Amino acid sequence: MRRLNPKPVERVWGGSALGFGPGVGEVWLAEAPLLVKLLDPADWLSVQVHPPHAYAQRVEGKPGKYEAWYVLAPGEIVYGFARRVSQEEVRRRAEAGTLDAVLHRVRVAPGQVVYLPAGVVHALGPGTRVYEVQTPSDLTYRLYDYGRPRELHLEKALEVALLEPTPLPAFAPEPVAGGERLLQTPYFQLYRFPLRGRLRLKPPLDLLLTLLEGEAWLSGEALLPPATFLLEPGEEVQLEGEGLLLGASPGGA
């Protein structure tokens, strides 16, 4: 079992609710075998899309990107388009600064899981804190950035984006040892483990485990959020205390 050190990252859009000072928009909790972060935006993040594996390997020579959010604070997100759009309309609106008019905005609540497969256009709204798990890839195509002077990747984004309404799926938790599985995809699994006195885990796959709420004790050491560990297959951990942990494992089996 390996303890991972959180890496706070200041962003121009960063809030102040992650416990690392004002302006810290991201805290990187793990970079392998999955990328796991906490996000706290004080402003809208850019509207972006990630390429699927086949396109990314062909065009970029590396894997694509798939991700999910576990919502920590209520807020609003962009999830796809409000209606079917053409590449020409999206290009014109992105260049004119009117893309907002055709984006699908959705309210989300704490505890909700939002799956963001490659191709789904998305953005995170102000104050919508999330735990984010994603495949370890840096491939992001920025489609629209509210007039901020950052590079857009309009042509590549239009090649991979789903240009029609995409329903926001709901997921039913499945019981697992010690907690519940919230999401299973071909690329990763997301778990929730309540800590009520004592919790014993022995995962069959790599498990990135993060204390999100409360206080835990491990071998006499007090742990506070966002303490994060990597457990390898078959490693056992026993925690004591009161709180809530999230876990992420690579692969879909």
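## The second largest pocket

In this predicted model, the second largest pocket has a lining of 14 residues. Those nearest its centre are A177, F193, K202, P203 and P204. The space in this pocket comes to about 250 Å³.

Strand β15, residues 188-201, supplies the largest share of the lining of the second largest pocket, with five residues. By class, this lining holds 10 nonpolar residues, two polar ones and two charged ones.

## The largest pocket

The largest pocket holds about 520 Å³ of space. Its lining is made up of 25 residues, and E26, K37, Q48, K65 and T140 are the ones that lie nearest the centre.

Several strands take part in the lining of the largest pocket. Two or more residues each come from β3, β4 (35-39), β6 (67-71), β10 (122-124) and β11 (130-134). Sorted by class, the lining of the largest pocket has nine charged, eight polar and eight nonpolar residues.

## The nonpolar cores

The largest nonpolar core consists of 27 residues. Within this core, Y70, Y131, V133 and F188 touch the most other members. Strand β3, which spans residues 24-30, gives four residues, the largest share of this core.

Another core, of 23 residues, lies apart from the largest one. Its members include Y55, V102, Y144 and L163.

Technical notes. Residues are numbered from 1 along each chain as its sequence is written. This is a predicted model: local features need pLDDT of at least 70, side-chain atom pairs count only at pLDDT 80 or more; totals for chains, interfaces and linings use all residues. Side-chain values use heavy atoms; hydrogens and water are left out. A nonpolar core is a set of buried Ala, Val, Leu, Ile, Met, Phe, Trp, Tyr and Cys residues joined through side-chain atoms within 4.5 Å. Buried means under 20% relative accessible area, exposed over 50%, partly exposed in between (1.4 Å probe, protein chains only). On a 1 Å grid over the protein atoms alone, a cavity is a set of points where a 1.4 Å probe fits but cannot get out, and a pocket is an open set with protein on both sides within 12 Å along at least five of seven lines; lining residues have an atom within 4 Å of a point. Grid points are joined across faces, edges and corners, and a volume is the space filled by probe spheres set on the points. Ala, Val, Leu, Ile, Met, Phe, Trp, Tyr, Cys and Pro count as nonpolar, Asp, Glu, Lys and Arg as charged, and the others, Gly among them, as polar.
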